[in-house]
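Welcome! Take a moment to look over the sequence and the model, and then we will walk through its metal sites together.

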Amino acid sequence: MKITFYGAARTVTGSMHLVEANGKRILLDCGLYQGHRKEAFEKNRHMPVDPQGIDVVVLSHAHIDHSGNIPQLARCGFRGKVVSRPATRDLCEVMLRDSCFLQMRDLQYVNEKRRRQGKHLFEPLYTEEDVDAIMRRFECVPMKRQHDLGNGVSLVFHNAGHILGSAIVQLDVREPGGKSKRLVFSGDLGQAGQPILRRSECPQGADAIIVESTYADRLHPSADDVSGRLKSYIDDIVRMRGKLLIPAFSVGRTQQILYFLNRLYRAGRIPAVPVYIDSPLSMKATEIYRRHRECYNEDSCEILRGGEDPLSFPGLKFLETPEQSMSLNSARGPMVIIAASGMCEGGRVVHHLKECLGDMRNIVLFVGFQAEGTLGRRIVESEPGERLKLLGEERAISARVQTINALSAHADRNGLEEWIDGVKGDSVKKAFAVHGEDDRVEAMARIAREHGIPETYAPVPGQSFIV
Ligand SMILES: [Zn+2]
Ligand SMILES: [Zn+2]
């Protein structure tokens, strides 16, 4: 079996690894590289593998950095299947359309400028039709079910505990001569103890592993009391008749917040305040989270058995149209608004920020990582009273700005060490660290070595290995 690392090699995004075994060419993930516009566009446009030569794509999960370039495969003559868990298929359907929409919007802006400069116009990476075409190629495989890919190659999905449908991929290859080889690809690994989803598992008997390194060199802050803090903020906005604005990613984080609000409400710890989910993608993603109960952990299954939906409670409303969204601007609190995007780089959250930040009765609560250079990061690092320009208007920050750091979707160093200990057994001879910048993948390779795996690597793009 030969593995070539094409994406998420010494970087985080653009996950893509090619496995060649028994004459089959299997692509593990086919994600979008995300970075500066021009570089990202070039990288994503020029696929390092010939789509017509790929037999099958296996998706670990639906995040765009893992699935976002599959429509371009369809555009370039890919004739195989895309194999994933059912929840990943459903999330891909809405996330790829959203990705398509955002790219088109971006391109329109770029092309407008190019037109004025008399330069040739860019074509989109892919269109809605390409998304339609690739969605028809999906084949869903449930957890733990062995699925034959032909030529003596099969796969099994295990829980990764990262987002709904996220999987660890186990590939088994029966080589000529009867020997078998097993490769385990971690995908993105979740943090233990997160709500809703089952935690990550440790498949046994691998000869080689590909492991993510997102937080290989850091520890998450010790468990924050998420429920307790949410309750105190809701008590405050009820008293002040204010708004609690939570910028949140549509897939994963929004549903986690709904879960905590559900628990607080059912335990009688908060009153039934109106809670608005203000993002079409968040609404669709929540629908999909509700549908795929096979992904739920024991605690959420118990809630279901009690006749309740863990993502629902009185007062919860989904806002579909921009008009509904804008109508909240003049509405009086108390209310909770959960809106995307999570880092405030666009989406409806921006007009809510403009409306909320200047009023001391309101609270803006960040529940996810804010990358450098984003509006979210600027607000998190702002001083009270600081002035900020939002949608062309200046605002002095009077609202309270708070951050909850406990909700990372990725395992930290402890979680990754635990996973390595769980999978290594006596069999794992090689470990490949991916999905991290240089220092992270090197830290992960070091961890794997310290935990007894003899050969560890942090591959560079295009590097191949025989397993
Ligand atoms: Zn992910
Ligand atoms: Zn990822």
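Which residues are the protein donors of the zinc ion (ligand 1)? In this predicted model, they are H61 (NE2), H63 (ND1), H162 (NE2) and D188 (OD), at 2.1 to 2.3 Å from the ion. A zinc ion (ligand 2) lies 3.4 Å from ligand 1, and D188 coordinates both.

**The zinc ion (ligand 1)**
- Along the sequence, the donor residues follow the spacing H-x1-H-x98-H-x25-D.
- Distant parts of the chain are linked here: H63 sits in the loop between β4 (56–58) and α2 (64–67), while H162 sits in the loop between β8 (153–159) and β9 (167–174), 99 residues apart.
- H162 is buried, with a relative accessible area of 6%.

**The zinc ion (ligand 2)**
- Its protein donors are D65 (OD), H66 (NE2), D188 (OD) and H435 (NE2), found 2.1 to 2.5 Å away.
- Why is the arrangement around this ion irregular? It is irregular because the four donor atoms subtend angles of 89 to 163°, whereas a tetrahedral site needs all angles between 85 and 135 degrees.
- The donor residues are spaced D-H-x121-D-x246-H in sequence.
- D65 and H435 are both buried.

**The bridge**
- To find where the two sites meet, look for D188, which bridges the zinc ion (ligand 2) and the zinc ion (ligand 1).

Key: Residues are numbered from 1 along each chain as its sequence is written. Chains are lettered from A and ligands numbered from 1 in the order in which they are written. This is a predicted model: local features need pLDDT of at least 70, side-chain atom pairs count only at pLDDT 80 or more; totals for chains, interfaces and linings use all residues. Side-chain values use heavy atoms; hydrogens and water are left out. Donors are N, O and S atoms within 2.8 Å of the metal (3.2 Å for Na, K and Ca); water is not among the atoms, so sites may look incomplete. Helices (H or I, at least four residues) and strands (E, at least two) are DSSP runs, numbered from the N terminus. Buried means under 20% relative accessible area, exposed over 50%, partly exposed in between (1.4 Å probe, protein chains only). Four donors count as tetrahedral if all angles lie between 85 and 135 degrees; four count as square planar and six as octahedral if opposite donors are over 155 degrees apart and all others between 65 and 115; anything else is irregular.
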